[in-house]
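Have a look at the fold before reading on.

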Amino acid sequence: MSRLASFLGIALAILLLSASMFDQEQQQFIHAFFNWQALLLVLGGTFAAVLINYPLNQVWSIFPGVYKIFSRESRSDEDLINEIFDLAMLSKRKGQLAVENHLENVDDNFLRIALNEMLLYQDKEKLRSALQTRLMTTRLQELNSQEVFINMASYSPAFGMMGTVMGLIIMMTTEVNVDLNSLATSPTNDMLSGLLHGMGLALVTTFYGVLLANMLFLPIAGKLKVLSEQDLLRNEMIIHAVVAMKANEPALLIKEQLMSFVHEKTQQRLGELV
């Protein structure tokens, strides 16, 4: 349901924005909200700041993060436990080498890697250490991706405000000078109308900055955090199960241990929230 929630959120955001920008009397969208220069300043400035702040390989983590949110559906813990139980039964009946023939049918990437590592390592403690190292590396990459989006959410309003200040400076140094020269022949209302119109355009960059921060960057960072915590729990389950399979523990015992593990982690999480 995670992917569906992401698409529903995007659709609802577009619907609300469209309704807010639509003029019912004129039956058309308010053109003041659409300014490609303002959007370019906010997006370009945000990405430029990210490039300055982070190495290039961490900047590229933006794209896997977005792909993860909109393309991957999280599996339930029960489905994962049942799959591990079946693999443990197979390993117990036919030996651990029989698992190798079923690796291509395993959908979970970390589980597939862990089972492959199980066939390579003879010592279960070395296997546990290797899988823990891989888990920490994956976790670090996910945290880096979250950090990039959080910082993008802080950069975009700042560049939006900068664009507003730039627009006000341009407006005040051009329109006011022109209007002062033609004050004797031009009505004051025209000058005031021009100033208000220019101020409206200047404020569009702030609008874009706040919009991108609160409707795109921060929600993406939040969803990545949720998915990362789910992956952490499942990957810890996988490590525990694979090490137990390496030790030739009974499949039913492994299943019970995993269910207890999920229950314990859930209680821990509830305790942190309370």
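## Starting at Leu218

Leu218 sits in helix α8, which covers residues 188-246. Helices here are DSSP runs of H or I with at least four residues, strands are runs of E with at least two, and both are numbered from the N terminus. Because its relative accessibility is 40%, Leu218 counts as partly exposed. On that scale, buried is under 20% relative accessible area, exposed is over 50% and partly exposed is in between, using a 1.4 Å probe and protein chains only.

Setting aside neighbours within four places in sequence, Leu218 touches Ala153 and Ala213, where contact means heavy atoms within 4.5 Å. Leu218 also has Ser154 at 9.1 Å, C-alpha to C-alpha, although the two are 64 residues apart in sequence.

## What kind of model this is

This is a predicted model, so local features need pLDDT of at least 70 and side-chain atom pairs count only at pLDDT 80 or more, while totals for chains, interfaces and linings use all residues. Residues are numbered from 1 along each chain as its sequence is written, and side-chain values use heavy atoms, with hydrogens and water left out.

## The overall picture

The protein chain has nine helices and two strands. Reading from the N terminus, the order is α-β-β-α-α-α-α-α-α-α-α. Of the 274 residues in the protein chain, 36% are buried. Take the contacts in the protein chain between residues at least 6 apart in sequence: 78% of them join residues at least 24 apart.

The accessible surface of the protein chain is about 16,400 Å², and carbon and sulfur atoms account for 64% of that. Those areas come from the Shrake-Rupley method with a 1.4 Å probe; for residues, only the protein chains shown count as cover.

## Helix α1 against helix α4

How do α1 and α4 pack, and at what angle? Helix α1 (residues 2-21) and helix α4 (residues 62-71) meet at about 100°, with axes 6 Å apart. The axes are lines fitted to C-alpha atoms, for helices over the stretch in contact, and angles run from 0 to 180 degrees between N-to-C directions. That makes α1 and α4 roughly perpendicular, a label for angles of 65 to 115 degrees.

On the α1 side, the contact uses Arg3, Ser6, Phe7 and Ile10, and α4 brings Ile69, Phe70 and Ser71. By type, the residues of this α1 and α4 contact are four nonpolar, two polar and one charged. Nonpolar here covers Ala, Val, Leu, Ile, Met, Phe, Trp, Tyr, Cys and Pro; charged covers Asp, Glu, Lys and Arg; the others, Gly among them, are polar.

## Two residues on helix α7

Glu142 is in helix α7, residues 124-181. Is Glu142 buried or exposed? With 16% relative accessibility, Glu142 counts as buried. Beyond its neighbours within four places in sequence, Glu142 contacts Lys68, Ser228 and Asp231.

Lys126 is in helix α7 too, but Lys126 is exposed, at a relative accessible area of 57%.

Ala244 belongs to helix α8 and, at 4% relative accessibility, counts as buried. Leaving out neighbours within four places in sequence, Ala244 is in contact with Glu249, Ile254 and Gln257. Ala244 and Arg128 are 116 residues apart in sequence, yet 9.9 Å apart C-alpha to C-alpha.

Asn248 lies in the loop between α8 and α9 (251-273). With 44% relative accessibility, Asn248 counts as partly exposed. Its phi is near 60°, a positive value in a residue other than glycine. Most residues other than glycine have a negative phi.

## What the record says

The unreviewed UniProt entry places "transmembrane region" at residues 29-52, 148-174 and 194-218. UniProt positions are in the numbering used here, feature names are shortened, and annotations may be inferred rather than shown by experiment. In the model, residues 29-52 are 71% helix and 4% strand, and the end C-alpha atoms of that span lie 37 Å apart.

Methods:
Angles under 35 degrees count as roughly parallel, over 145 as roughly antiparallel, 65 to 115 as roughly perpendicular and the rest as oblique.
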